[in-house]
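Please look over the sequence and the 3D structure shown here before reading the notes that follow.

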Amino acid sequence: MEIAFCRIDDRLIHGQVATVWTKVTGCNRIMCCNDDVAQDTLRKKLLLQVAPPGIKAYVIPVEKAVAAYKNPKYAPFKTLFLFTNPRDVVRAVKGGIPFKSVNLGGMTYKDGDTLISQAVAVNKDDAQAIKELVDMGIEVEIRKLANEPKKDAIEALKAKDLL
């Protein structure tokens, strides 16, 4: 399986992903990887309905995404991986998906979070997971839109005293 792109966006598939990121990455598959969302029948159904025409979408637990990545049956897939949080990306990488770069596109603010960009809010666990990804040699960049310049996630975390 070819990795077209890896993005963390807690909305998973939405307008920007469906219309821009799928075209920019040239993917033919979308894998939404999150254990909780995969168990949420309504959210899963809605996500599958908003996948763009011609692109097959899946909403699966992280372990199933790892298994699919390793399965030669899926070799023709050029996959856009979508995650809701950086901890799940760490799990996927430790499971064997060799992401070289991860895009932080949108993480909604919740009580106790810190905004590190206009669209990305993190807590301490998120910050540690981002650092862990970088320590594994993976680029972690912040970019809400495809045409924006990349912003270094570690610099953004340091600027907010999160590392």
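Helices (H or I, at least four residues) and strands (E, at least two) are DSSP runs, numbered from the N terminus. The model is a predicted one, in which local features need pLDDT of at least 70 and side-chain atom pairs count only at pLDDT 80 or more, while totals for chains, interfaces and linings use all residues. Residues are numbered from 1 along each chain as its sequence is written, and side-chain values use heavy atoms, with hydrogens and water left out.

**The sheet**

- Seven strands make up an open sheet of mixed pairing, in the order S3-S2-S4-S1-S5-S8-S9, where two strands pair if DSSP finds at least two bridges between them.
- Strand S3 (56–60) and strand S9 (151–152) are at the edges with a single partner strand each, so one side of each has no neighbour in the sheet.
- Strand S2 (residues 29–33) runs parallel to S3 and is joined to it by five bridges, and Arg29 has Lys56 in S3 as its bridge partner.
- Helix H1 (residues 15–25) packs on the sheet and touches strand S1 (2–9), S2, strand S4 (78–83) and strand S5 (101–106), its direction making about 145° with that of S1; contact means heavy atoms within 4.5 Å, and axes are lines fitted to C-alpha atoms, for helices over the stretch in contact, with angles from 0 to 180 degrees between N-to-C directions.

**Strand S1 and Asp9**

- Six of the eight residues of S1 are buried, so the strand is largely enclosed by the rest of the structure; buried means under 20% relative accessible area, exposed over 50%, and partly exposed in between (1.4 Å probe, protein chains only).
- S1 runs parallel to S4, with six bridges joining them, and it also runs parallel to S5, with three bridges.
- Ile8 stands opposite Phe83 in S4 and opposite Leu104 in S5.
- Asp9 lies in strand S1 and counts as buried, because its relative accessibility is 0%.
- Leaving out residues up to four places away in sequence, Asp9 touches His14, Val17, Phe83, Thr84, Gly105 and Gly106.

**The nonpolar cores**

- A nonpolar core is a set of buried Ala, Val, Leu, Ile, Met, Phe, Trp, Tyr and Cys residues joined through side-chain atoms within 4.5 Å.
- The largest such core has 38 residues, of which Phe81, Phe83, Val89, Phe99, Leu104 and Ile116 touch the most other members, and helix H4 (residues 62–70) gives the most to this core, with five residues.
- Apart from neighbours within four places in sequence, the residues in contact with Leu104 include Ile8, Ile116, Val120, Ile130 and Ala153.
- A second, separate core holds 19 residues, among them Ile13, Ile55, Leu82 and Ala146.

**Helices H4 and H5**

- The axes of H4 and helix H5 (residues 86–95) come within 9 Å and cross at roughly 35°.
- Where the two helices meet, Val62, Glu63, Val66 and Lys70 in H4 are in contact with Asp88, Arg91, Ala92 and Gly95 in H5.

**Asp35**

- Asp35 is placed in helix H2 (residues 35–39) and counts as partly exposed, because its relative accessibility is 28%.
- Asp35 touches Pro61, Val62 and Arg91, not counting residues up to four places away in sequence.
- Although Asp35 and Thr25 are 10 residues apart in sequence, they are 25 Å apart in space, C-alpha to C-alpha.
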